[in-house]
Amino acid sequence: MGLSFSRRSTEQKGPVFVVRNRLYRVLATIGQGGEATVYRCEDQSAAEYAVKVFYFSSYVRSQLPRRVKNFRKEAKILKYLSERSPHFVRLYDFEYKPLENVGYMIMELGEASLRQVLLGAPMSDEYRRIYWKQIVTILKDLEEAHVVHADIKPENLILVNNVLKLTDLGLAFASPSAQRTVVRPKVGGTLDYMAPEVFFRQTGSKSDVWSAGIILYEMSYGRPPFIDIIDRHAKIAAITSRSPIFLGPLTDLYLFDCLKRCLNPDFRRRPTPRQLISHPYIVEKLRANFSLMTCFFFSFACREKKNTVKRDSLDFCLFSPENQSNVIFCFLSKKRKRKRKTNFA
């Protein structure tokens, strides 16, 4: 569920509500999801915000403690991430009101979602690279915070002063490692952006990489790869078939390689976010400074050292889509120290 707002929405002022003794008034409805409704609102000084309202009265009494716990967990994770990185929607305040059986999250208001920017058409090379770099930065920030979002999609990427920010952490959870998946009690997410392993209740940081790869595909071709499959069961079968996603012709070989790696059906062979941040599709100097001879040199070095160099330290071996044969290059990525595990339970 995004926090973007279209000025075409109704401007009629709505009801007043209070969060931690601060008065707000609803101005318009922004969006509605399965768990909550998002409104545009203003405080007494006319400063505008987005408020995500959880109506817990719609759940049976036995489900209420778990729903309220998830509400507080989402707010806690968002607060933590927004204080660490500018690429997460800022959470100003939140409160659960037992008498009303309603939860409120007061957040910053965005101008548009990435979905509104896409408009069902391929994006220009310049803007695609700008947005992709920000998306990969978000993935890296999630990885360093040991958090898996589990529902990355264009609707949940909001533009705030031309900066992409991630929102809607209702499915997010803590994860000890980017290299591993975590067994989840149930399958959740948005079907077109869900990784194959998620349907087997295995979700991890590389599942977020797949979702981001689907967004990159959509920015490149104008639509997600499985959008034409209407039947839900047929779509799940296609995603979980382990068949490589067909990639049409692209003039940028680095974009082609980045897509190919992010959309590998085997999550163990997908790059981690910290590897993606060093991919030459993002790093301009890597695109310009590596000659073909350098590529072959490193490719040979990687083969020679495969028994002594850890798998994590080998970054990318890029292949040209032309004839699907020419090795472009291979280089070693920098190792980074692991950060401590964060517990949001």
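Start by selecting helix α3, residues 125–144, together with helix α4: the two pack at an angle of about 170°, and their axes lie 11 Å apart. (Axes are lines fitted to C-alpha atoms, for helices over the stretch in contact, and angles run from 0 to 180 degrees between N-to-C directions.) Helices here are DSSP runs of H or I with at least four residues, strands are E runs of at least two, and both are numbered from the N terminus. This is a predicted model, where local features need pLDDT of at least 70, side-chain atom pairs count only at pLDDT 80 or more, and totals for chains, interfaces and linings use all residues. Residues are numbered from 1 along each chain as its sequence is written, and side-chain values use heavy atoms, leaving out hydrogens and water.

From α4, pick Val209, Trp210, Gly213, Leu216, Tyr217, Ser220 and Tyr221; from α6, pick Leu255, Cys258, Leu259 and Cys262, which together make the contact (heavy atoms within 4.5 Å). Which classes do you see in the contact of α4 with α6? Nine residues are nonpolar, two are polar and none is charged. (Ala, Val, Leu, Ile, Met, Phe, Trp, Tyr, Cys and Pro count as nonpolar, Asp, Glu, Lys and Arg as charged, and the others, Gly among them, as polar.)

Finally, zoom out to the whole chain, with its nine helices and 15 strands. Of its 345 residues, 53% count as buried, meaning under 20% relative accessible area with a 1.4 Å probe, protein chains only.

Key:
Buried < 20%, exposed > 50% of the residue type's maximum accessible area, 1.4 Å probe, protein only.
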